[in-house]
Amino acid sequence: MNQLLQHHEAKLQQALDNCAKEPIHIPGSIQPHGYLIVADYDFHIVKASANFLEFSGQSTQQLVGKSLQRFIPADSIASLKNLTGNGALNALRYQTILLNGPTEQLTCDAMIHRSGQYLIIEIEPQHLIDKLPQHQDFYRELMGFSLALQKVESEDVLFNYVVHELRRITGFARVKLYKFDEHWHGDVIAEDKDARMTSYLGLSFPASDIPEQARELYSKNYLRLIPNVDFTPVPMLPDDLDEKSKPIDLSFSILRSVSMVHLQYLKNMNVRASMSISVMQNGQLWGLIVCHHDAPYHVAYPVRMAAELLANTFSAFLTNYQQLTSNSKENQREKVFNEIVQAVNSAATAREALVTHSNQVMNLASADGLAMSFDDEWINFGFTPDESATRQLAAWVQQSNNGERVFSSHSLAKTTGLKTFRESGVAGAIVAPVSHQTKNWLMFFRRQVTMERNWAGEPVKEISSTRAGYTLSPRASFQRWAEVVTGHCKPWNTLDVERISELSRLIRTRLYENSLRQANYNLDAVLRHSSSLIYIIDINGILVQINQIAVETFGLGDGEIIGRPFEKIFPESLSSLTREHIDTVMQCGKSTSFDDHFTVNDTELHLISVVFPLFDTKNAVYALCNISTDISGLHKAQQELKASNKELERVAFVASHDLQEPLRLIATFTDLLKSEYKNKLDSQAGEYIDFTLDAANRMRVLIHDLLEYSRLEQSDETLPLIETGDELNKLLAELHLSGHLENASVSVTSEMPEAYMKAEHFNSIMQNLLSNAAKYRDADRPVDIAIACRDQGAYWQFSVSDNGIGIKPEYLEKIFEMFQRLHRKNEFAGTGIGLALCKKIAERHGGKIWAESIPGEGSTFHFTVIKTDMAQQNAEKISPATESSVA
Amino acid sequence: MSPSDSSECVTILHVEDNPADVYLIKRGLRGSAVSLDIVNLVDGEETMEYLCRCASGELPLPDMVLLDINLPKVNGHDLLVWMRSVQVLQSIPVFMLTSSSSRQDREKMFRNGGQAFFTKPYTLEERSTIVRSIENFLSGLPLDQTAIQNANA
C-alpha cells in the first residue's frame, strides 16, 4: 500500500476513535436557549447552568442547596412534582410555568425528568422561541395525520407526506427524511424545503457523519435540538472536577451541548439551526427526520412534541405498511412456491415439473435467469451465464460447503473469485444442490445492477492536527460527488433463499424417491421376466417376494402367499430344502450355491440355486434371496442327446462292420471264380470280374476307413503316454514294407516327444499324412518327406512336409471334410475319409489340423495334440460309457 | 506246443457260423501235405459241449482250433478264456480267424492265450497266407509274426 495513504488511513482511524470517545451524553455544558437545574427530589438545587445564576443574580454558593420555590410558584412546583411521579422515570414532562427572577418574570416551558437520584429541570423562556404552537389541539393534528397516512399508496408518497407535514408543523426551511443502509450510510429519500435552500434529495451521507455513539443516543432520545449553531456553551456550576462524584447523565436532556465537530459540520452545510427526530423500526434506528434552518430557529417544546409524535406515528405506520406490502408480496411468493411444490410432487419427475414451471421457479426469487442440471445435463432459462460458468460455480459450491447448503451471493465475482463472472453481466446467484452427487443443481441468477451513489461531498473526512492528536474536521463541501458501484445485483431476500433451500430439499427427496421407484420397477421386471425361480424370505421365515414362475413351478396356487411363513406355503420337500439352505447361509453369512434333485407335486426338479443374504441399511442380514435355475429339462435333453449320439455311432459302427462280411465274401468268391474258371470264361467275362474285384476292393477300403472313423467316437478310455518316436519308427518300417512309401525318402528332423495318445490314433493320423504325401507326388521328382515336432507350450505340434503337387489355397480347408476328394479316382485312389479322420483324431486330442501349401512345390500338414491327458479330463466330466463288445 | 505227428490224421476244429467261410478255408487246406480232418461247429455253446466231450475222453482232442469272434451264444474271446481255464484244453493251439482287424481284438486274443490272429481274407492271396501259416504251424515250423501282420494289413 502507498505509504502516504497508509499514513492517512492511520490518522483517520485515530481521529475517528477520538470522535467516538467524545462523551456527548455527559457534557459539562448546555446550550444557552434555556436554563438547566439539577435538583434533588425535594427541589433543592444541586447544580445550575451559569445563565440561571445570572438570571437569579446569585452566586453558586448562594444557590446550591436552596429550594427552587424561591423562583417558581408553589403550584407550579407541585405540578412539576406530579410530572415526576408514577413510575415513568425517564419520560419527559412539560409544564408552562412562571419563572420569578429579581428583575423579571418569565413565561417558560419547563420540562422535568429523573436522572438517577436527581431531577433534571429544563426551563425554556418563551420569549426566546421563534415557533410557538399554532393551536394546542395536538389530538386533531395527529388525527388528521394518521387518517392521511391510511390513504397513502406507496412508500414514496408516504415519505413525501411526512416531510411535508413536519415542515408545516415546525416551520423549518428544509425537512429531510434520511434512511440508513446496512452499512449505516444514509440516503436522503424525501425532502421538503423552501426554495432558497439547497436540495440534498437523492444524496448519500457516509456512516462516519453520524458515528456510532450518536446513533446510540438517537435510539434512546428521539429528538435533538440545536436552535443556533453559533451558541456559546453555558457551563454547569458548580463545575465538579471531583473525581468521586459521578457525572450526571444528560442523555435525556434537551439543552445539553453538542459535539463541536457536529456544529462545524452543520455550519459547513450552511445550517444555523437543526432538529433531528429518530425513526425507529422494530427497535432499530431506521432513519432520521432532519430539520434545518438557515438562521437561528427555536421551536417550542409542544411543537417539538407534536413533531416527535408525528414521527412516531410515521414509524409505527411504516412498520405496518412494510409488513403489509411484504406480506402481500410474501403471500404471492408463498402461493407460487406452493404451486411449484405441488407440481414437483405430482409430476412424473421433478425435472418435468421444474421445466414446465420454469417461470414460476424463476419468480420465486425474482431471478433474471434459472439454470438447472439433472444428471449433469444443463437446462437454462432466461439470463444465465454459459454452461462452463455454471459448472465452475457448481464445482466451487461443492468445494466450499460440500454441496450441502444453499449458497447465495449478490456479488459472485467477489465471493467466488471465479474469473468467469467478472465480465459476465451476472452478478448474483443462489445455488441449491439438489442431490448428494454433484450432478443435480438449481441455480438462480441476477443481472449486475450498476448503481450510482451520489454522496453529499466526497466522503473523506478532513483530519486536523490538534493538541489532542488527530481530530476530525468535517468536510467543507457537500457538493454532489458521484460514485459508481459495479459487480453487484439487488440483494437476495433471505426468505427467498430459505424457500429455495426448502425447494431443493423437496426435489432431492423426489429424485431419491424416483430412483428408488425406478429401482423397484427394474426389480419387478427382472423378477417377472426371469426364467429363474426367485424368492426372498426374511429371517423370520416370512415369504417377502416370489416371482410368478416360481409360484407356478412349485404349484403354490393363487392364494395369498406373500407375508406368510414359507413353511406353511411350500410343499414339504421344498420347505425342508429351503430350511437347510437358510441355515447354511445364515451360518456362513455369504452367497452359497446348491444343486438339488427333488420332487414337487410329482414333478422331478433339478435346481441349481444360489442363496445369498440381503443386508439392511445397518448392514445386518434381514432376508435371504434364492435364485434357482431348473435344469431338469436341460439335464434330460443332454442325457438323451448323448444316448442318441452313442446310438448313432453304434449304428455306424455295426453297419460298416456288418457290411464288411458280405463284401469280403463277394470279393473272395469272385477272386475264386476268376482263378478257377480262368480258362472257361472268355476275355470279356474276365474283364467284368476284374471290375467287380476292383469295386469290391474300393468298398473294402471305404468300409475300413468308416469303421475306424466311427470307432474313434466310441472310445472314452484314458490315454496312454506313448513314445511317438518309437511308434513313428515302427510305422515307417511297416509302410516301407507294404510299399506305401515306395521310392520315398523320409527324414525325421526333430526329436519326437512322449504324448498322451493311443498308438493306433497316432499311427492312423501319421499313416494318412505319410501315405498322402507319397501318393500326391510330383511325377518329375523323387518323393521327399520330412517329419518334425515342435513344442508349442500346451501343445505338441507335429508336421509332415512333402515336395508333392501341392494344394490350391481354396482347398486348404475343404480337404478335411468327409468324402471331399480333389482328384478323379483314376488319378489318385482314396476314400475321402482319411483327412476327416485325421481332423477328428487331432480334435479328440484337444488339438487341430491344418495344411500349408505352395501348389507345384509341396505341402505341409500340421496337427497339434494337447500335452495333458484329454480323455482323463473328459472322463471326469462324463460318466464312462460301456464299451461295445461287437467285433 | 508240438503239433501232432505228421503221419497221423490232424483234427482242426473250425468254429464259424458262416458256411462260405468254412468252405473257403476247407478248400484252401485241400491240397495240404498232411491229412486234415476239419470239424465245423457253428456256435459257442455247441463248441463248449464238444470240447467238454473231448476233455472227458469221449472224443479226441482237436490239434488246433480256428475261432471266429462273432459267434452265436458264446463269443470267441469268451470261448478262448474258458478253454484256457480248463486244464486239458489249455495246450490246444487257438488261431483266431475273424472279420475284425482291430488291434484291440488281436491284443485281447494274445493276452488270453491265443496263438495267431488273422483277419478273414478278401482275396485268394490273403487266403493263401492264412492257409500257409496253418500248414506251417501244423508242420512244426515257427509262427511267422510278419506273415500274421501282413495278413492283417
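In this predicted model, helix 6 (residues 155-170) and helix 9 (residues 301-346) of chain A pack with their axes 10 Å apart, at an angle of about 170 degrees. An angle over 145 degrees counts as roughly antiparallel, so helix 6 of chain A is roughly antiparallel to helix 9 of chain A. On the helix 6 side, the residues that meet helix 9 of chain A are A:Glu155, A:Leu158, A:Phe159, A:Val162, A:Glu165, A:Leu166, A:Ile169 and A:Thr170. Their partners in helix 9 of chain A include A:Leu310, A:Phe314, A:Phe317 and A:Tyr321. By class, the contact of these two helices of chain A comprises 13 nonpolar, 2 polar and 2 charged residues.

Most residues other than glycine have a negative phi, and most peptide bonds are trans. The peptide bond that leads from A:Leu237 to A:Pro238, however, is cis, with omega near -5 degrees. A:Pro238 lies in the loop between strand 11 (234-237) and helix 8 (260-268) of chain A. The other detail concerns A:Asn282, which is not a glycine and yet has a positive phi of about 50 degrees. This asparagine, A:Asn282, sits in the loop between strand 12 (273-281) and strand 13 (284-293) of chain A.

Charge pairing comes next. Side chains of opposite charge can pair when their charged atoms come close. Over all chains, the count comes to 32 salt bridges. One of them joins the side chains of A:Arg391 and A:Glu387, at 3.0 Å from N to O. These two residues, A:Arg391 and A:Glu387, are separated by about one helical turn because they are 4 residues apart in helix 12 (residues 387-401) of chain A.

Attention can now turn to where the two chains meet. The size of an interface is often given as the accessible area lost when the parts come together. For chain B and chain A, this buried area is about 2200 Å², with 51% of it on carbon and sulfur atoms. Three residues, B:Arg103, B:Tyr122 and B:Leu124, supply 34% of the area that chain B buries against chain A, more than any other three residues. In terms of contacts, 25 residues from chain B and 23 residues from chain A take part.

Between chain B and chain A there are 4 salt bridges, including the one in which the side chains of A:Arg664 and B:Asp21 meet at 2.8 Å, N to O. The count of residue pairs in polar contact between the two chains is 6, with both residues at pLDDT 80 or more. Helix 1 (19-28), helix 4 (103-111) and helix 5 (124-138) of chain B are the elements that give two or more residues to the side of chain B that touches chain A. Helix 1 of chain B provides the largest share of that side, with 5 residues. The side of chain B that touches chain A divides into 8 nonpolar, 9 polar and 8 charged residues.

Helix 5 of chain B also packs with helix 18 (residues 632-676) of chain A, at an angle of about 95 degrees and with the axes 9 Å apart. The range from 65 to 115 degrees counts as roughly perpendicular, and helix 18 of chain A and helix 5 of chain B are therefore roughly perpendicular to each other. Here A:Thr668, A:Asp671, A:Leu672 and A:Ser675 meet B:Leu124, B:Glu125 and B:Arg127. This contact of helix 18 of chain A with helix 5 of chain B has 2 nonpolar, 2 polar and 3 charged residues.

Technical notes. Residues numbered from 1 in each chain as written. Chains lettered and ligands numbered in written order. Predicted model: local features only at pLDDT ≥ 70, side-chain atom pairs only at ≥ 80, totals over all residues. Heavy atoms only, no water. Contact = heavy atoms within 4.5 Å. Buried area = accessible area lost by both parts, 1.4 Å probe. Polar contact = N/O pair within 3.5 Å; in protein donor to acceptor, adjacent residues only side chain to side chain. Nonpolar A, V, L, I, M, F, W, Y, C, P; charged D, E, K, R; others polar. Axes fitted to C-alpha atoms, helices over the stretch in contact; angles between N-to-C directions. Parallel < 35°, antiparallel > 145°, perpendicular 65-115°, else oblique.
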